[in-house]
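The sequence and structure come first.

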Number of protein chains: 2
Amino acid sequence: MNQKSRTKAGEAQGPTVIIVDDDDDMRGALANLFNSVGLEAVVFGSAQELLAAKFPETPSCLVLDIRLPGISGLEFQGQLAKLGIDVPIVFMTGHGDIPMSVRAMKAGAVDFLSKPFRDQDMLDAVATAIERDRTRRTSMQSVQALRDNYQSLTAREVEVMRYVTKGLLNKQVAGEMGLAEITVKIHRGNVMRKMVARSLADLVRMAETLGMHQSA
Amino acid sequence: MNQKSRTKAGEAQGPTVIIVDDDDDMRGALANLFNSVGLEAVVFGSAQELLAAKFPETPSCLVLDIRLPGISGLEFQGQLAKLGIDVPIVFMTGHGDIPMSVRAMKAGAVDFLSKPFRDQDMLDAVATAIERDRTRRTSMQSVQALRDNYQSLTAREVEVMRYVTKGLLNKQVAGEMGLAEITVKIHRGNVMRKMVARSLADLVRMAETLGMHQSA
DNA sequence: GTTGCCAGCATACGAAGGTTTAGGTCCTCC
DNA sequence: GGAGGACCTAAACCTTCGTATGCTGGCAAC
């Protein structure tokens, strides 16, 4: 009795706005608003319902009322972050205050609108949020491809990759690892092949993207 | 106990808070508050006065009242950004509203406090802002050093650096530039020396930091 | 027990990287 | 006009890279 939208749940094709509000009229009005500009909309009455559903595969964003049944929008924001769900959020509120808005923005919200808001303001906020999610998804995809390749490396290969992308010569790597230089060369060749790196420069950039040299 | 007086601009030794408020009492109270925790404070009555002065060399931040003589704090924030002055800002206001706070936070403000605020909230915000500025300064310094080296390169050397860090072999670079391979090697050696790069991996990372391969 | 994968090493060789020495032209600045 | 710098090239020489071939051994899965 929850998913009430113009779109079949989970079948979203285009950019999708996920609306969470306990007011049924508001949900409908927002869904209409977004549909009117070609955005798909999925609606939920509570945070729990949203968590039970699956997120769209397309660029999307959340439109959250601050006051939700059982949990505040701000808490929900933190909860999503903890779950590693990094979808842009546009907040709206009927009776919010400045500390509330500041907290939301600090936590990364795209916008924080007071009801009543102008339709255009909401559309602008959502457009920004969708665009942010699109960018995030694109970069996540390429990073994921890298990570997949990276995980196909053996422990030794990872070690060699680390040293090589740090700038060490094969013979130096061999010294560090207590191996013969020829063995390092073999591993290195495997790394290049598995990571699909066409040059050392490539590999260095991959190592950067994977955060192989940052302290932690 | 220790009654440190307000520091004059330019004398700052430690982290410094730059206060801009048209209320003299407020300025004094804030300066005392910051002094009490070991932070130096510089005060101004208007944005114009601040711009006329020189910014501290130490990690610092702005504490701005939204309502300033002649210009709003938000406009001033935008003005600073346009001038390339990227100092963290903590806003405070007596009668602000949510849109105002959201706009400030979107523009990168560290915090937005409503008067009256608790001293601790202000101190926390300022501590965060100072820390952010410290990080920014540190990274700016290393980037600046890189940029200095980069600007000592000749046009040809820049070109070679671009190709090499893209992953091209010397002979390929030579082909692209219509040069003999040996010439590329010479340029490449000069690049390594001038950029103080100890390995190709180093140079690739420098090129990344300098944004040599991003679209523009 | 055979197959497959990981790890390691040696020899060998061609390709690529890097430096030195030694030229040369062109241009600018004093 | 000469000094200096950017730019280009060559020959020579050494190092490093990368790969192939061949072989050993450990280990887990089928």
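In this predicted model, 22 residues of chain A are in contact with 22 residues of chain B, contact meaning heavy atoms within 4.5 Å. The model is predicted, so local features need pLDDT of at least 70, side-chain atom pairs count only at pLDDT 80 or more, and totals for chains, interfaces and linings use all residues. Residues are numbered from 1 along each chain as its sequence is written, chains are lettered from A and ligands numbered from 1 in written order, and side-chain values use heavy atoms, without hydrogens and water.

**Interface.** About 1700 Å² is buried between chain A and chain B, and carbon and sulfur atoms give 64% of it. Buried area is the accessible area (1.4 Å probe) that two parts lose on being put together, summed over both. A:I98, A:M105 and A:R205 supply 32% of what chain A buries against chain B, more than any other three residues. Four salt bridges are counted between the chains. A salt bridge puts a side-chain nitrogen of Lys or Arg within 4 Å of a carboxyl oxygen of Asp or Glu.

**Helix 1 of chain A.** Helices (H or I, at least four residues) and strands (E, at least two) are DSSP runs, numbered from the N terminus. Helix 1 covers residues 24–36. Its buried residues include A:M26, A:L30 and A:F34; buried means under 20% relative accessible area, exposed over 50%, partly exposed in between (1.4 Å probe, protein chains only). The buried residues of helix 1 pack against several elements of chain A, among them strand 1 (16–20) and helix 5 (119–151). At the start of helix 1, a side-chain oxygen of A:D23 comes to within 2.9 Å of the backbone nitrogen of A:D25. A:G38 follows helix 1, with a positive phi near 90°.

**Salt bridges.** Over all chains, the count is 26.

| Pair | Closest N to O |
|---|---|
| A:E157 and A:K194 | 2.8 Å |
| A:E208 and B:R205 | 3.4 Å |

A:D22 is partly exposed at 35% relative accessible area. A:R67 is also partly exposed, at 43%. A:E157 lies in helix 6 and A:K194 in helix 8 (residues 181–194) of chain A, so this pair ties together parts 37 residues apart in sequence. A:E157 is buried at 4%, while A:K194 is partly exposed at 23%. The A:E208 and B:R205 pair crosses between chains, from helix 9 of chain A to helix 9 (residues 200–209) of chain B. A:E208 is partly exposed at 29%; B:R205 is buried at 17%.

Methods:
Expected span 1.5 Å × (residues − 1). Polar contact = N/O pair within 3.5 Å; in protein donor to acceptor, adjacent residues only side chain to side chain.
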